[in-house]
Amino acid sequence: KLQFLYLIDLHARSSMPSTLAVATAAVRGAVPTAVRAVSPHAVGDSPSVLREVLHPEVNLSLWRRPEVPAVAAEMQQLQSGSLPSGARCQTTQASFDNDVARLMAQYGMDPASFPAWRADLHMLAAGFFNICPEGARAELRLETVDDDGCLRFHTDYTQLRLLSTYVGPGTEWLRNEQVDRFAKDNGAPNEVIMRSGKPEEFNQYWVGILKGEAFPGNEGGGLVHRSPPIAGTGRWRVLFCLDYTATYYHQRQMSPACAEGCPCEE
């Protein structure tokens with residue numbers, strides 16, 4: 001039975017350094033107090049890496065986990081149109097399991113046919129809510145998509161966003177040193193925004209927590225990323241997303257330099 005208790009050792013939380021005074025108002029939990037150089041992108045093979053996103057210097061924590069065979073078997077039941085982009089709702093840690101089941105049923109899926117996937121989603125959501133304020137609400141999205149989403153490199157107007165792709169290519173992202181943020185904020189194309197190299201990419205089943213522009217003290221420092229280009233290739237994706245922002249925006253904010261209608265949802 002999948003458990004998430006190993007992800008966050010709640011008994012190991014210590015007092016937070018003064019540099020995180022602002023963040024503690026928005027995010028629950030402690031970070032290591034030792035003074036050390038912190039990479040802006042915390043990447044590791046243990047789920048404990050996910051809590052690194054609470055460091056002021058970090059805008060991505062990425063758990064490179066392996067495929068979950070039982071979930072992969074259940075993915076065979078899905079098709080590209082099983083869960084359209086409208087498959088979303090507000091959720092809390094307490095209501096999450098029921099909200100997932102309700103979304104599945106709403107789109108003609110039998111929740112009882114996906115026990116391993118639902119258990120995996122529960123595990124990831126539990127870890128995410130454990131680094132959000134107590135009683136936090138988040139937007140839940142479960143989607144099967146065959147379009148490009150937002151192709152332009154952008155940042156999110158959220159505090160924290162969890163992303164995991166179960167089928168198809170994962171989210172593409174840029175390291176801080178690759179990004180021309182002035183170009184991003186002023187409508188430049190991707191070729192100018194990305195100053196060097198190639199985008200990094202989440203593999204299937206990897207779990208990322210992205211820090212957005214709304215996180216206290218992080219304006220101008222959100223992770224720059226985009227949806228992978230798949231339109232017309234015959235490929236499709238199964239995407240799980242949780243968005244937390246202290247104030248929920250009923251009209252989602254669009255990056256000022258994005259094209260009209262760009263969803264900016266990945």
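This briefing walks through the packing, strand pairing and aromatic contacts of the structure above. It is a predicted model, in which local features need pLDDT of at least 70 and side-chain atom pairs count only at pLDDT 80 or more, while totals for chains, interfaces and linings use all residues. Residues are numbered from 1 along each chain as its sequence is written, and side-chain values use heavy atoms, with hydrogens and water left out.

**Confidence**

- The protein chain has an average pLDDT (the predictor's confidence in each residue, from 0 to 100) of 83, and 78% of the residues score at least 70.
- Residues 1-37 have a pLDDT below 50, and this stretch makes 68 contacts (heavy atoms within 4.5 Å) beyond near neighbours in sequence.
- For residues 248-263 the pLDDT also stays under 50, with 28 contacts beyond four places in sequence.

**Nonpolar cores**

- A nonpolar core here is a set of buried Ala, Val, Leu, Ile, Met, Phe, Trp, Tyr and Cys residues joined through side-chain atoms within 4.5 Å; buried means under 20% relative accessible area, exposed over 50%, and partly exposed in between, with a 1.4 Å probe and protein chains only.
- The largest nonpolar core holds 47 residues, and Trp117, Tyr166 and Phe240 have the most contacts inside it.
- Among the elements that each supply at least two residues of this core are helix 3 (96-106), helix 4 (115-129), strand 5 (160-167) and strand 10 (237-244); helices (H or I, at least four residues) and strands (E, at least two) are DSSP runs numbered from the N terminus.
- Helix 4 gives the largest share of this core, eight residues.
- A second, separate core has 10 residues, including Leu62, Leu163, Trp173 and Leu210.

**Strand 5 and its partners**

- Strand 5 is mostly covered, with eight of its eight residues buried.
- Strand 5 pairs with strand 8 in the antiparallel sense over five bridges; two strands pair if DSSP finds at least two bridges between them.
- Within strand 8, isoleucine 209 stands opposite leucine 162.
- Strand 10 also pairs with strand 5 in the antiparallel sense, over seven bridges, and aspartate 243 in strand 10 is the bridge partner of arginine 161.

**Aromatic pairs**

- The whole structure has five aromatic pairs; rings of Phe, Tyr and Trp (its six-membered ring) pair if their centres lie within 6.5 Å, and planes under 30 degrees apart count as stacked, over 60 as edge-to-face and the rest as tilted.
- Phenylalanine 96 and phenylalanine 240 make an edge-to-face pair, 6.1 Å centre to centre with 65 degrees between the planes.
- Because phenylalanine 96 lies in helix 3 and phenylalanine 240 in strand 10, this pair ties together parts that are 144 residues apart in sequence.
- Phenylalanine 96 is buried at a relative accessible area of 2%, and phenylalanine 240 is buried at 0%.
- Phenylalanine 114 and tryptophan 117 are edge-to-face because their ring centres are 5.8 Å apart and their planes are at 65 degrees.
- Phe114, Trp117, Tyr166 and Tyr205 form one aromatic cluster.

**Alanine 214 and the cysteines**

- Alanine 214 sits in the loop between strand 8 and strand 9 (224-226) and counts as partly exposed at 30% relative accessibility.
- The C-alpha atoms of alanine 214 and tyrosine 157 are separated by 5.5 Å, although these residues are 57 residues apart along the chain.
- A search of the whole structure finds zero disulfides, where a disulfide is a pair of cysteine sulfur atoms within 2.5 Å.
- Cysteine 132 is buried at 0% relative accessibility, and cysteine 150 is buried at 1%.
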